[in-house]
Amino acid sequence: MIVKMLHEKGLRSEHAYCAGAASIGLSILSWAGSLKAEPGGDLSRADRWGIFVGEWAPTFFALGLALANYEFAEK
C-alpha cells in the first residue's frame, strides 16, 4: 500500500538506491565534520553522528527493493 502510493507519486527504485548510496557518503562526511567540530574531544560524538546517518542507508535500500519488486510485478 505504501509502496504503491510512493510509486504513484513518482518515486522509483533508482531514486531510493541513490538515496541509500548518498546516505553512506553523508555518514562519512558527518563523522568527519563532527570530528573536526570538536578537536581534542572524544571520538564518541563523531561516532554517534556517523552511525545515526549510516542507519538510513539500509532503509533506503530496502525501500528500493520493495519498489523494484512492485515495478517488476506491474509489468
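At 43% relative accessibility, Trp49 is classed as partly exposed, in a model that is predicted. Phe52, at 44% relative accessibility, likewise counts as partly exposed. Both residues belong to helix H3, which spans residues 44-54, and they are three residues apart, about one turn of the helix.

A pair of aromatic rings is described by the distance of the centres and the angle of the planes. Three aromatic pairs are counted in this model. Tyr17 is part of helix H2 (residues 13-37) and Phe61 is part of helix H4 (residues 56-74), so their pairing ties together parts that lie 44 residues apart in sequence. Tyr17 has a relative accessibility of 29% and counts as partly exposed. Phe61, at 31%, also counts as partly exposed. Trp49 and Phe52 form another aromatic pair, with 6.2 Å from centre to centre and 85° between the planes, an edge-to-face geometry. Together with Trp56, these two residues make up one aromatic cluster.

The discussion now turns to the helices that carry these residues. Two packed helices are described by the angle between their axes and the distance between the axes. The axes of H2 and H4 come within 7 Å and cross at roughly 170°. Angles over 145 degrees count as roughly antiparallel, and H2 and H4 are therefore roughly antiparallel to each other. On the H2 side, the residues in contact include Tyr17, Ile24 and Leu26, while those on the H4 side include Trp56, Phe60, Phe61 and Glu71. By class, this contact of H2 with H4 comprises 14 nonpolar, four polar and one charged residues.

How do the axes of H3 and H4 cross? They come within 5 Å and cross at roughly 5°, which makes H3 roughly parallel to H4. Phe52, Val53 and Gly54 of H3 make the contact with Trp56, Ala57 and Pro58 of H4. By class, the contact of H3 with H4 has five nonpolar residues, one polar residue and no charged residues. Phe52 and Trp56, which take part in this contact, are also members of the aromatic cluster with Trp49.

Key
Residues are numbered from 1 along each chain as its sequence is written. This is a predicted model: local features need pLDDT of at least 70, side-chain atom pairs count only at pLDDT 80 or more; totals for chains, interfaces and linings use all residues. Side-chain values use heavy atoms; hydrogens and water are left out. Rings of Phe, Tyr and Trp (its six-membered ring) pair if their centres lie within 6.5 Å; planes under 30 degrees apart count as stacked, over 60 as edge-to-face and the rest as tilted. Helices (H or I, at least four residues) and strands (E, at least two) are DSSP runs, numbered from the N terminus. Buried means under 20% relative accessible area, exposed over 50%, partly exposed in between (1.4 Å probe, protein chains only). Axes are lines fitted to C-alpha atoms, for helices over the stretch in contact, and angles run from 0 to 180 degrees between N-to-C directions. Angles under 35 degrees count as roughly parallel, over 145 as roughly antiparallel, 65 to 115 as roughly perpendicular and the rest as oblique. Contact means heavy atoms within 4.5 Å. Ala, Val, Leu, Ile, Met, Phe, Trp, Tyr, Cys and Pro count as nonpolar, Asp, Glu, Lys and Arg as charged, and the others, Gly among them, as polar.
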